[in-house]
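Welcome, and please open the structure in your viewer. We will go from stop to stop, selecting one thing at a time.

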Amino acid sequence: MSALISILEVISTWAIPLFLVGVPAYALARGVKVYPVFVEGAKEGLQVAIRIVPYLVAILAAVGAFRGAGAMDRLAAWLQPITEPLGIPASVLPLFLVRPLSGSGTTGLLADLIESEGPDSVASLIGAVVHGSTETTFYVLAVYFGAIGVSRYRHAIPAALMAEGAGIVASIAVVRLVFG
Amino acid sequence: MSILWFLLLALGLVAAAIDGNLSGFTSGALDGAAAAIRLAIGLVGMLALWLGLLRVAEEAGLTKALARAIRPLMRRLFPEVPADHPAMTAMALNLGANVLGLGNAATPLGLKAMDELQTLNPRRDTATDAMVLFLVINASSVQLIPATVVALRAAGGAQEPASIVGPTLLATAVSTAVGIATAKLLARLRPAEEASVRLEIEGG
């Protein structure tokens, strides 16, 4: 188990630096003018950041009101007998429910967890791993099947939700294992 | 999502009314809105850096290189799709873009793949096994580096924003493997031909 943890740590530490150097190196070797291309893409980054602001405001204001009113504490108290033995902080549960429905909603809920409980709390860490390891299932199904007019999904929804559930269970287990 | 959002506000108001804590409700909403802007400002730099790098990756043809690398795997996953069919290329390019985290490039490639898979479909309103499997892989996330999450953690002042990269990779491998296994199993349990035959009998 400790070997697995150290492998995961090495991946975490090296992935971004390797990507930051490796991608421009590969691109230069293939004759890409990396600097102007980078700047062009960075412009898009600004637009993406601005695009998500309204979603963040909507979610953080609503969750802030919910928490400020004491409703989050009530919910947590109700769910504690179920979630505590499983090692799941109750505050991360709303994120599990929203994940298959809305990507920007999930980002908002994760931002709220980081803001209210700190970025390195167990709830934030589980939320972060779930956000990164799963997708907006219903959005993907609706867009892809809708585009070609398929209305009989057969086993697509159960299989996709199984994947989603497995991702959530694995996220909780890995966070518990690596971060204690 | 509209209903969920409204429920958060409405249930918050109910809880506030029961406790007589309406000022907590109001200040919670206002603080949340202010926190959203603080976070967004922290995000801008990271997102710009990352999307700049992704543009370089795209321009260098990394998506195509990845698509070539996963071709042998694709043949085993989609044995019913001919290896030289355009659907195979589009699916490989879509998954390559997804692995790199190029969401904007992945969607049009995915739609193209669905179009091509539809040409192999005998019943146009019913999903084929290949379509379901392709969608399940898309819906289970195969991204290598969750850049938005790392950026959010950095903006929130995490000690090591990237510490979740390894754990996320492991969790996403589990979710994708379970998704593929479930899709393959369910396809065998209830094949499309059988489902459509039953449909014809029922339809008289």
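A residue is called buried here if 20 or more other C-beta atoms lie within 10 Å of its own. Keep that in mind for the first stop, and remember throughout that this is a predicted model.

**Stop 1: a covered helix.** Select residues 129-139 of chain B, which form helix α7. How many of its eleven residues are buried? The count is eleven of eleven, so by the cut-off of 20 or more C-beta neighbours the helix is mostly covered.

**Stop 2: Leu135(B) and its partners.** Which residues does Leu135(B) touch, leaving aside its neighbours within four places in sequence? They are Val140(A), Leu141(A), Tyr144(A), Ala156(A) and Ala160(A). Leu135(B) also belongs to the largest nonpolar core, which has 123 residues. Together with Val56(B) and Val136(B), Leu135(B) is one of the residues with the most contacts inside this core. Now select residues 22-59 of chain B: this is helix α2, which gives the core its largest share, 16 residues.

Stop 3: Most residues other than glycine have a negative phi. Just after α7(B), select Ser141(B), where phi is positive at about 65°. Ser141(B) sits in the loop between α7 and α8 (147-155) of chain B. Is Ser141(B) buried or exposed? Ser141(B) counts as buried because it has 27 C-beta neighbours inside 10 Å.

Then move to chain A and pick Arg154(A), in the loop between α7 and α8 of that chain. Arg154(A) is not a glycine, yet its phi is positive, about 50°. Arg154(A) has 21 C-beta neighbours inside 10 Å and therefore counts as buried.

**Stop 4: chain A as a whole.** Along its principal axes, the C-alpha trace spans about 60 × 50 × 35 Å. Of the 180 residues of chain A, 48% count as buried. Among its contacts between residues at least 6 apart in sequence, 63% join residues at least 24 apart.

**Stop 5: where the chains meet.** Bring chain B back into view. The contact takes 91 residues from chain A and 92 residues from chain B. On the chain A side, the elements giving two or more residues include α1 (2-29), α3 (71-86) and α8 (156-179). Select α2(A) next: the largest share of that side, 26 residues, comes from there. By class, the chain A side divides into 60 nonpolar, 19 polar and twelve charged residues.

**Stop 6: a helix pair in chain B.** Select residues 62-69 and 86-100 of chain B, helices α3 and α5. They pack at an angle of about 115°, with their axes 8 Å apart, and their crossing is right-handed. Leu62(B) and Leu66(B) are among the contact residues of α3(B), and Ala92(B) and Gly96(B) among those of α5(B). This contact has eight nonpolar, two polar and one charged residues.

**Last stop: confidence.** Colour chain B by pLDDT. Its mean is 89, and 93% of its residues reach 70 or more. The model scores ipTM 0.87 and pTM 0.86.

How values were computed: Residues are numbered from 1 along each chain as its sequence is written. Chains are lettered from A and ligands numbered from 1 in the order in which they are written. This is a predicted model: local features need pLDDT of at least 70, side-chain atom pairs count only at pLDDT 80 or more; totals for chains, interfaces and linings use all residues. Two residues are in contact if their C-beta atoms, placed from the backbone, lie within 7 Å. Helices (H or I, at least four residues) and strands (E, at least two) are DSSP runs, numbered from the N terminus. Ala, Val, Leu, Ile, Met, Phe, Trp, Tyr, Cys and Pro count as nonpolar, Asp, Glu, Lys and Arg as charged, and the others, Gly among them, as polar. A residue is buried if 20 or more other C-beta atoms lie within 10 Å of its own, exposed if 12 or fewer, and partly exposed in between; C-beta atoms are placed from the backbone. Axes are lines fitted to C-alpha atoms, for helices over the stretch in contact, and angles run from 0 to 180 degrees between N-to-C directions. A crossing is left-handed if the near helix is turned anticlockwise from the far one by less than a right angle, and right-handed if clockwise. pLDDT is the predictor's confidence in each residue, from 0 to 100. A nonpolar core is a set of buried Ala, Val, Leu, Ile, Met, Phe, Trp, Tyr and Cys residues joined through C-beta atoms within 7 Å.
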